[in-house]
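Subject: Structure for your review

Dear colleague,

Please find below the structure that I am handing over to you, together with its sequence. My findings follow directly after it.

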Amino acid sequence: MTPPTGSPEGKLGTLDVDAYLADPLRKQAFVTPMFDIIAPRYDAFTRLFSLGMDAGWKRRAIAAAAAAAPGARTVLDLASGTGDVAAQLARALPHAAVTALDASPRMIDAARARLRTRDADVAARVTPVVGDMMALPQETATVDVVSASYGVRNVPDPVQCVREMARVVHPGGILVTLDFYQPGFGPWRALFLWYLSLAGNIVGWLWHRDPVVYGYIARSIRDFMTADAFSALLEREGFDVISESRALFGGIAQHVARRR
Ligand SMILES: C[S@@+](CC[C@H](N)C(=O)[O-])C[C@H]1O[C@@H](n2cnc3c(N)ncnc32)[C@H](O)[C@@H]1O
(Lines give C-alpha, C1' and ligand atoms only; values in the text may rest on other atoms or scores of the structure.)
Protein backbone atom coordinates (compact mmCIF):
# COMPACT_ATOMS: atom_id res chain seq x y z
CA MET A 1 0.00 0.00 0.00
CA THR A 2 1.86 3.10 -1.18
CA PRO A 3 1.03 6.18 0.90
CA PRO A 4 0.40 9.37 -1.06
CA THR A 5 3.15 11.92 -1.12
CA GLY A 6 1.33 13.84 1.60
CA SER A 7 2.22 11.77 4.65
CA PRO A 8 -0.07 11.89 7.71
CA GLU A 9 1.90 14.92 8.79
CA GLY A 10 1.51 16.55 5.39
CA LYS A 11 -1.44 18.17 3.61
CA LEU A 12 -3.76 15.85 1.72
CA GLY A 13 -5.31 18.88 0.03
CA THR A 14 -2.23 19.24 -2.18
CA LEU A 15 -3.13 15.93 -3.86
CA ASP A 16 -5.45 15.30 -6.77
CA VAL A 17 -8.07 13.84 -4.43
CA ASP A 18 -10.55 12.92 -7.14
CA ALA A 19 -7.89 10.96 -9.01
CA TYR A 20 -7.02 8.99 -5.85
CA LEU A 21 -10.65 8.26 -5.01
CA ALA A 22 -11.63 7.31 -8.55
CA ASP A 23 -8.91 4.67 -8.79
CA PRO A 24 -9.51 1.59 -6.58
CA LEU A 25 -5.78 0.87 -6.68
CA ARG A 26 -5.01 4.27 -5.14
CA LYS A 27 -8.06 5.01 -2.95
CA GLN A 28 -6.70 3.20 0.11
CA ALA A 29 -3.44 5.11 -0.19
CA PHE A 30 -5.45 8.29 0.35
CA VAL A 31 -7.99 6.99 2.88
CA THR A 32 -5.64 5.44 5.45
CA PRO A 33 -3.33 8.48 5.86
CA MET A 34 -6.45 10.67 6.03
CA PHE A 35 -7.88 8.64 8.92
CA ASP A 36 -4.45 8.65 10.56
CA ILE A 37 -4.60 12.46 10.52
CA ILE A 38 -8.08 12.75 11.98
CA ALA A 39 -7.84 9.87 14.50
CA PRO A 40 -7.15 12.06 17.58
CA ARG A 41 -10.25 14.21 16.91
CA TYR A 42 -12.47 11.65 15.21
CA ASP A 43 -14.96 11.09 18.05
CA ALA A 44 -15.48 14.82 18.63
CA PHE A 45 -15.86 15.42 14.91
CA THR A 46 -18.46 12.68 14.50
CA ARG A 47 -20.58 14.13 17.32
CA LEU A 48 -20.35 17.65 15.88
CA PHE A 49 -20.87 16.69 12.26
CA SER A 50 -23.97 14.57 12.94
CA LEU A 51 -25.37 17.21 15.33
CA GLY A 52 -25.32 14.57 18.06
CA MET A 53 -27.38 12.03 16.10
CA ASP A 54 -24.53 9.55 15.58
CA ALA A 55 -24.72 8.21 19.17
CA GLY A 56 -28.39 7.24 18.69
CA TRP A 57 -27.77 5.59 15.33
CA LYS A 58 -24.94 3.54 16.84
CA ARG A 59 -27.03 2.61 19.90
CA ARG A 60 -29.76 1.28 17.62
CA ALA A 61 -27.26 -0.75 15.56
CA ILE A 62 -25.76 -2.26 18.72
CA ALA A 63 -29.21 -3.08 20.12
CA ALA A 64 -30.07 -4.76 16.80
CA ALA A 65 -26.92 -6.91 16.99
CA ALA A 66 -27.68 -7.89 20.60
CA ALA A 67 -31.29 -8.78 19.74
CA ALA A 68 -30.30 -10.86 16.70
CA ALA A 69 -27.43 -12.77 18.37
CA PRO A 70 -27.73 -12.47 22.16
CA GLY A 71 -25.38 -15.39 22.85
CA ALA A 72 -22.67 -14.27 20.41
CA ARG A 73 -19.14 -15.27 21.41
CA THR A 74 -17.08 -14.09 18.44
CA VAL A 75 -17.68 -10.56 17.21
CA LEU A 76 -15.72 -8.72 14.54
CA ASP A 77 -16.13 -4.95 14.27
CA LEU A 78 -14.66 -3.74 10.99
CA ALA A 79 -13.42 -0.23 10.27
CA SER A 80 -13.61 0.03 14.03
CA GLY A 81 -11.91 3.42 14.24
CA THR A 82 -11.46 4.48 17.86
CA GLY A 83 -13.31 1.35 19.00
CA ASP A 84 -16.51 3.12 20.06
CA VAL A 85 -18.86 0.49 18.60
CA ALA A 86 -16.57 -2.41 19.53
CA ALA A 87 -16.68 -1.42 23.21
CA GLN A 88 -20.44 -0.98 23.16
CA LEU A 89 -20.86 -4.36 21.45
CA ALA A 90 -18.79 -5.94 24.22
CA ARG A 91 -21.14 -4.44 26.82
CA ALA A 92 -24.27 -5.50 24.95
CA LEU A 93 -22.96 -9.05 24.30
CA PRO A 94 -21.52 -10.16 27.64
CA HIS A 95 -20.16 -13.51 26.38
CA ALA A 96 -18.40 -12.05 23.36
CA ALA A 97 -14.76 -11.57 22.53
CA VAL A 98 -14.67 -8.59 20.16
CA THR A 99 -11.99 -7.93 17.56
CA ALA A 100 -11.80 -4.25 16.57
CA LEU A 101 -10.10 -4.17 13.15
CA ASP A 102 -9.04 -1.02 11.31
CA ALA A 103 -6.55 -0.13 8.57
CA SER A 104 -5.34 3.03 10.32
CA PRO A 105 -2.60 2.44 12.91
CA ARG A 106 -3.45 5.74 14.60
CA MET A 107 -7.12 4.78 14.93
CA ILE A 108 -5.99 1.53 16.55
CA ASP A 109 -3.72 3.53 18.91
CA ALA A 110 -6.77 5.65 19.81
CA ALA A 111 -8.82 2.48 20.42
CA ARG A 112 -6.11 1.12 22.72
CA ALA A 113 -6.01 4.43 24.63
CA ARG A 114 -9.78 4.38 25.00
CA LEU A 115 -9.71 0.82 26.34
CA ARG A 116 -7.22 1.94 29.01
CA THR A 117 -9.50 4.78 30.12
CA ARG A 118 -13.22 5.22 29.45
CA ASP A 119 -13.83 1.66 28.19
CA ALA A 120 -11.58 -0.11 30.72
CA ASP A 121 -14.58 -2.19 31.93
CA VAL A 122 -14.56 -4.18 28.65
CA ALA A 123 -10.83 -3.96 27.81
CA ALA A 124 -10.25 -7.64 28.57
CA ARG A 125 -12.74 -8.65 25.85
CA VAL A 126 -11.86 -6.18 23.07
CA THR A 127 -8.76 -6.69 20.91
CA PRO A 128 -7.80 -3.86 18.53
CA VAL A 129 -5.87 -4.97 15.43
CA VAL A 130 -4.57 -3.26 12.32
CA GLY A 131 -5.98 -5.02 9.26
CA ASP A 132 -7.72 -4.75 5.91
CA MET A 133 -11.44 -5.50 5.77
CA MET A 134 -11.09 -6.55 2.13
CA ALA A 135 -8.67 -9.36 3.13
CA LEU A 136 -9.58 -10.48 6.63
CA PRO A 137 -7.23 -12.62 8.72
CA GLN A 138 -10.15 -14.59 10.25
CA GLU A 139 -10.79 -18.22 9.25
CA THR A 140 -13.88 -18.97 7.15
CA ALA A 141 -17.22 -19.33 9.03
CA THR A 142 -15.78 -18.53 12.47
CA VAL A 143 -17.58 -15.30 13.39
CA ASP A 144 -21.02 -14.95 15.06
CA VAL A 145 -21.51 -11.21 14.40
CA VAL A 146 -19.71 -8.96 11.93
CA SER A 147 -20.34 -5.23 12.11
CA ALA A 148 -19.13 -2.11 10.34
CA SER A 149 -20.19 1.47 11.01
CA TYR A 150 -19.25 4.00 8.35
CA GLY A 151 -16.84 1.40 7.02
CA VAL A 152 -17.86 -0.24 3.74
CA ARG A 153 -18.16 3.12 1.95
CA ASN A 154 -14.52 3.88 2.62
CA VAL A 155 -12.90 0.84 1.04
CA PRO A 156 -11.74 0.70 -2.57
CA ASP A 157 -13.92 -2.35 -3.34
CA PRO A 158 -17.18 -2.62 -1.33
CA VAL A 159 -18.16 -5.86 -3.12
CA GLN A 160 -14.94 -7.56 -2.05
CA CYS A 161 -15.52 -6.27 1.48
CA VAL A 162 -19.04 -7.77 1.65
CA ARG A 163 -17.62 -11.03 0.25
CA GLU A 164 -15.10 -11.13 3.07
CA MET A 165 -17.85 -10.46 5.62
CA ALA A 166 -19.87 -13.31 4.10
CA ARG A 167 -16.83 -15.60 4.19
CA VAL A 168 -15.97 -15.12 7.86
CA VAL A 169 -19.52 -15.24 9.28
CA HIS A 170 -20.88 -18.74 9.75
CA PRO A 171 -24.29 -19.73 8.31
CA GLY A 172 -26.92 -18.26 10.65
CA GLY A 173 -24.48 -15.55 11.81
CA ILE A 174 -25.39 -11.87 11.78
CA LEU A 175 -24.17 -8.80 9.90
CA VAL A 176 -24.96 -5.28 11.14
CA THR A 177 -23.88 -2.20 9.23
CA LEU A 178 -24.50 1.51 9.60
CA ASP A 179 -23.43 3.92 6.90
CA PHE A 180 -24.12 6.96 4.78
CA TYR A 181 -25.76 6.26 1.42
CA GLN A 182 -26.88 8.25 -1.58
CA PRO A 183 -30.48 9.34 -0.92
CA GLY A 184 -32.69 8.18 -3.79
CA PHE A 185 -34.60 11.49 -4.17
CA GLY A 186 -32.51 13.82 -6.35
CA PRO A 187 -33.23 17.25 -4.79
CA TRP A 188 -32.68 15.91 -1.25
CA ARG A 189 -29.51 14.13 -2.38
CA ALA A 190 -28.15 17.42 -3.75
CA LEU A 191 -28.97 19.33 -0.54
CA PHE A 192 -27.62 16.57 1.72
CA LEU A 193 -24.32 16.36 -0.16
CA TRP A 194 -24.06 20.14 -0.29
CA TYR A 195 -24.44 20.37 3.52
CA LEU A 196 -21.93 17.58 4.15
CA SER A 197 -19.43 19.10 1.75
CA LEU A 198 -19.74 22.61 3.22
CA ALA A 199 -19.67 21.51 6.88
CA GLY A 200 -16.82 19.08 6.20
CA ASN A 201 -14.71 21.68 4.40
CA ILE A 202 -15.23 24.26 7.16
CA VAL A 203 -14.38 21.89 10.04
CA GLY A 204 -11.46 20.41 8.07
CA TRP A 205 -10.04 23.88 7.57
CA LEU A 206 -10.65 25.05 11.15
CA TRP A 207 -9.22 21.94 12.81
CA HIS A 208 -6.53 20.80 10.38
CA ARG A 209 -6.08 23.69 7.92
CA ASP A 210 -6.94 21.02 5.33
CA PRO A 211 -10.58 21.10 4.08
CA VAL A 212 -10.22 17.83 2.21
CA VAL A 213 -9.91 15.66 5.35
CA TYR A 214 -13.63 16.07 6.10
CA GLY A 215 -14.80 17.31 2.71
CA TYR A 216 -13.97 13.72 1.72
CA ILE A 217 -17.19 12.45 3.33
CA ALA A 218 -19.47 14.06 0.74
CA ARG A 219 -17.20 12.81 -2.05
CA SER A 220 -17.28 9.27 -0.72
CA ILE A 221 -21.10 9.25 -0.56
CA ARG A 222 -21.33 10.60 -4.10
CA ASP A 223 -19.24 7.63 -5.27
CA PHE A 224 -21.20 5.09 -3.15
CA MET A 225 -24.64 3.48 -3.59
CA THR A 226 -28.18 3.77 -2.24
CA ALA A 227 -29.30 1.83 0.85
CA ASP A 228 -31.49 -0.36 -1.40
CA ALA A 229 -28.53 -1.17 -3.64
CA PHE A 230 -26.58 -2.21 -0.53
CA SER A 231 -29.44 -4.54 0.49
CA ALA A 232 -29.33 -6.07 -2.98
CA LEU A 233 -25.55 -6.52 -2.70
CA LEU A 234 -25.95 -8.31 0.65
CA GLU A 235 -28.56 -10.63 -0.85
CA ARG A 236 -26.30 -11.41 -3.83
CA GLU A 237 -23.35 -12.21 -1.60
CA GLY A 238 -25.15 -14.75 0.61
CA PHE A 239 -27.09 -12.80 3.27
CA ASP A 240 -30.82 -12.61 3.94
CA VAL A 241 -31.60 -9.01 4.82
CA ILE A 242 -33.66 -8.92 8.02
CA SER A 243 -34.10 -5.15 8.16
CA GLU A 244 -33.05 -1.96 6.44
CA SER A 245 -33.79 1.07 8.64
CA ARG A 246 -33.23 4.54 7.30
CA ALA A 247 -32.67 7.98 8.74
CA LEU A 248 -32.27 11.37 7.06
CA PHE A 249 -34.50 10.22 4.17
CA GLY A 250 -32.09 7.53 3.04
CA GLY A 251 -28.87 9.43 3.76
CA ILE A 252 -28.15 7.03 6.63
CA ALA A 253 -29.17 3.38 6.90
CA GLN A 254 -28.71 0.44 9.20
CA HIS A 255 -28.78 -3.06 7.72
CA VAL A 256 -29.23 -6.26 9.69
CA ALA A 257 -28.77 -9.51 7.76
CA ARG A 258 -28.36 -13.20 8.44
CA ARG A 259 -25.83 -15.39 6.61
CA ARG A 260 -27.57 -18.07 4.56
C1 LIG B 1 -15.56 6.83 9.27
S2 LIG B 1 -14.46 5.81 10.15
C3 LIG B 1 -15.55 4.81 11.13
C4 LIG B 1 -15.03 4.50 12.50
C5 LIG B 1 -16.00 3.80 13.43
N6 LIG B 1 -16.51 2.58 12.86
C7 LIG B 1 -17.13 4.68 13.86
O8 LIG B 1 -18.26 4.40 13.50
O9 LIG B 1 -16.91 5.63 14.56
C10 LIG B 1 -13.96 4.72 8.87
C11 LIG B 1 -12.84 3.82 9.27
O12 LIG B 1 -12.62 2.88 8.22
C13 LIG B 1 -11.24 2.54 8.24
N14 LIG B 1 -10.87 1.88 6.99
C15 LIG B 1 -10.77 2.40 5.75
N16 LIG B 1 -10.39 1.47 4.86
C17 LIG B 1 -10.26 0.31 5.56
C18 LIG B 1 -9.88 -1.03 5.21
N19 LIG B 1 -9.60 -1.35 3.96
N20 LIG B 1 -9.86 -1.96 6.18
C21 LIG B 1 -10.15 -1.64 7.47
N22 LIG B 1 -10.50 -0.39 7.87
C23 LIG B 1 -10.57 0.58 6.92
C24 LIG B 1 -10.57 3.88 8.46
O25 LIG B 1 -9.23 3.76 8.89
C26 LIG B 1 -11.50 4.51 9.51
O27 LIG B 1 -11.06 4.31 10.82
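In this predicted model, helix α2 contributes the most to the shell around the ligand, namely four residues. Helix α2 spans 24-38, and α5, spanning 84-92, likewise supplies at least two residues of that shell. There are 22 residues around the ligand, of which F35, A79, G81, S104 and S149 come nearest. Sorted by class, the shell comprises ten nonpolar, nine polar and three charged residues.

The second topic is the sheet. Seven strands form an open sheet in the order β3-β2-β1-β4-β5-β7-β6, and their pairing is mixed. Its edges are formed by β3 (126-130) and β6 (239-247), each of which pairs on one side only. On average, neighbouring strands of this sheet are turned by 15 degrees against each other, direction ignored.

Within the sheet, β4 (residues 143-149) and β5 (residues 169-180) run parallel and are joined by six bridges. Along this pair, A148 stands opposite T177 in β5.

Yours sincerely

Key: Residues numbered from 1 in each chain as written. Predicted model: local features only at pLDDT ≥ 70, side-chain atom pairs only at ≥ 80, totals over all residues. Pairing = 2+ DSSP bridges. Axes fitted to C-alpha atoms, helices over the stretch in contact; angles between N-to-C directions. Near = placed C-beta within 6 Å. Nonpolar A, V, L, I, M, F, W, Y, C, P; charged D, E, K, R; others polar.
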